[in-house]
Amino acid sequence: MIETKAYAAEAATSPLGPFRFERRDPGPHDVQIEILYCGVCHSDIHQVRNEWGGSIYPMVPGHEIVGRVTKTGAHVTKFKAGDLAGVGCFVDSCRTCPNCQAGLEQYCDNGMVGTYNGREKITNLPTYGGYSNHIVVDEQYTLKVSDKLPLEGVAPLLCAGITTYSPLRHVGVGKGHRVGVLGLGGLGHMAVKFAASFGAEVTMLSSSPSKEADAKKLGAHHFALTSDPTTMKNLQNHFDFILNTVSAQHDYSTYLNLLRTNGTMIVVGVPPTPSQVPAFNLIAKRRSIIGSLIGGIKETQEMLDYCAEHSIVSDVEVIKIQDINEAYERMIKGDVRYRFVIDIASLR
Ligand code: NAP
Ligand code: ZN
Ligand code: ZN
């Protein structure tokens with residue numbers, strides 16, 4: 001077994017603190033990774049605080065993991081010791097259902113195994129995530145990471161990156177499209193980068209006036225303050241797509257009205273309480289709402305390769321693990337520019 005150092009939450013109401021546990025030794029298809037950086041996703045906060053229900057404690061969060069392979073099982077072919085590797089939001093799935101077969105493991109009909117707050121298929125033991133110094137994962141669920149990009153900026157690609165890349169690709173965002181990105185945090189800033197890189201005209205829809213200059217630097221062509229009634233009125237019937245990344249309760253109808261005929265709101269943010277969707281806001285312009293969950297392994301690799309080719313990384317604030325509780329408080333206030341990433345060296 002592998003002695004592992006981590007930070008964990010013992011309950012929904014307790015702050016994260018030091019925690020030790022053992023990981024399995026790598027099996028024939030596993031890679032053992034020494035974790036170097038782990039991004040901090042708002043989903044970590046939702047799950048640590050049991051905002052979605054069903055949380056398992058103690059919980060070691062973290063699903064934006066990059067590190068270096070230290071050991072490989074006898075049948076591993078994709079990796080060797082010394083290679084860079086990444087792990088995203090899940091570490092296993094059934095591998096046989098139509099979704100798994102189609103490379104859409106995130107939609108596995110038998111349930112994917114979350115990198116943390118999940119249960120391993122055979123042992124039913126809880127999974128522990130990337131706020132830790134080692135992880136052992138089947139090579140099929142491990143990603144290749146380029147050495148061309150700064151690793152701390154790559155970590156958030158494993159969730160914030162793929163969660164925004166996948167739906168933008170799915171709906172075919174490109175030249176001639178007007179895309180609104182709602183909420184400038186971890187997901188939002190990656191959505192702006194990808195939508196602009198795919199050739200769309202991008203508007204940042206934000207509740208924070210202080211983020212305007214940054215939005216433009218990230219590649220947004222326009223900035224719209226969502227609290228300003230005149231701005232919102234001028235944007236009625238304007239967008240082909242709105243990517244909604246907001247983490248807290250908000251009114252969908254306000255933003256649906258910004259979609260033109262046949263426009264689509266893509267929901268990726270998961271507020272703990274449901275939002276109402278008034279039928280009139282949909283039927284008025286044959287609008288639709290779709291949801292999207294992270295992305296499959298094949299597409300995640302495609303996204304990482306795209307980022308390496310186009311020099312796209314997340315804008316990060318590197319923190320020590322000891323500062324994680326303060327980072328959560330800042331994220332809840334929308335005060336993150338634009339992803340906290342834990343330097344796992346601070347655990348040692
Ligand atoms: P984040 O970094 O905290 O960013 C969320 C942003 O939403 C904030 O920066 C803020 O942007 C805006 N916001 C927050 N509270 C708001 C409020 N009350 N009203 C209006 N806007 C508000 O979070 P994240 O890591 O990007 O995650 C965003 C959401 O996506 C979370 O719910 C997370 O669980 C979910 N998620 C989903 C998937 C998926 O597969 N679908 C994957 C990862 C994360 P402004 O200051 O610009 O308004
Ligand atoms: Zn995430
Ligand atoms: Zn499956």
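Predicted model: local features only at pLDDT ≥ 70, side-chain atom pairs only at ≥ 80, totals over all residues.
Residues are numbered from 1 along each chain as its sequence is written.

**Exercise 1.** Work out how the axes of H4 and H5 are placed, and which class of residues is found in their contact.

*Solution.* Begin with the axes, which are lines fitted to C-alpha atoms over the stretch in contact, with angles from 0 to 180 degrees between N-to-C directions. Those of H4 (residues 160-170) and H5 (residues 186-197) come within 8 Å and cross at roughly 45 degrees. Next, list the contacts (heavy atoms within 4.5 Å): residues including Tyr165 and Leu168 in H4 meet residues including Met190 and Phe194 in H5. By class, this contact has eight nonpolar, four polar and no charged residues.

**Exercise 2.** Describe the crossing of H4 with H10.

*Solution.* The axes of H4 and H10 (residues 297-310) come within 10 Å and cross at roughly 100 degrees, which means that H4 is roughly perpendicular to H10. Their contact has four nonpolar, three polar and three charged residues.

**Exercise 3.** Find the backbone atoms that lie beside nitrogen atoms of ligand 1.

*Solution.* A polar backbone atom of Val268 is 3.0 Å from a nitrogen atom of ligand 1. For Ser292, a polar backbone atom is 2.9 Å from a nitrogen atom of ligand 1.

Note on methods: Chains lettered and ligands numbered in written order. Heavy atoms only, no water. Helix = DSSP H or I, 4+ residues; strand = E, 2+ residues; numbered from the N terminus. Nonpolar A, V, L, I, M, F, W, Y, C, P; charged D, E, K, R; others polar. Polar contact = N/O pair within 3.5 Å; in protein donor to acceptor, adjacent residues only side chain to side chain. Parallel < 35°, antiparallel > 145°, perpendicular 65-115°, else oblique.
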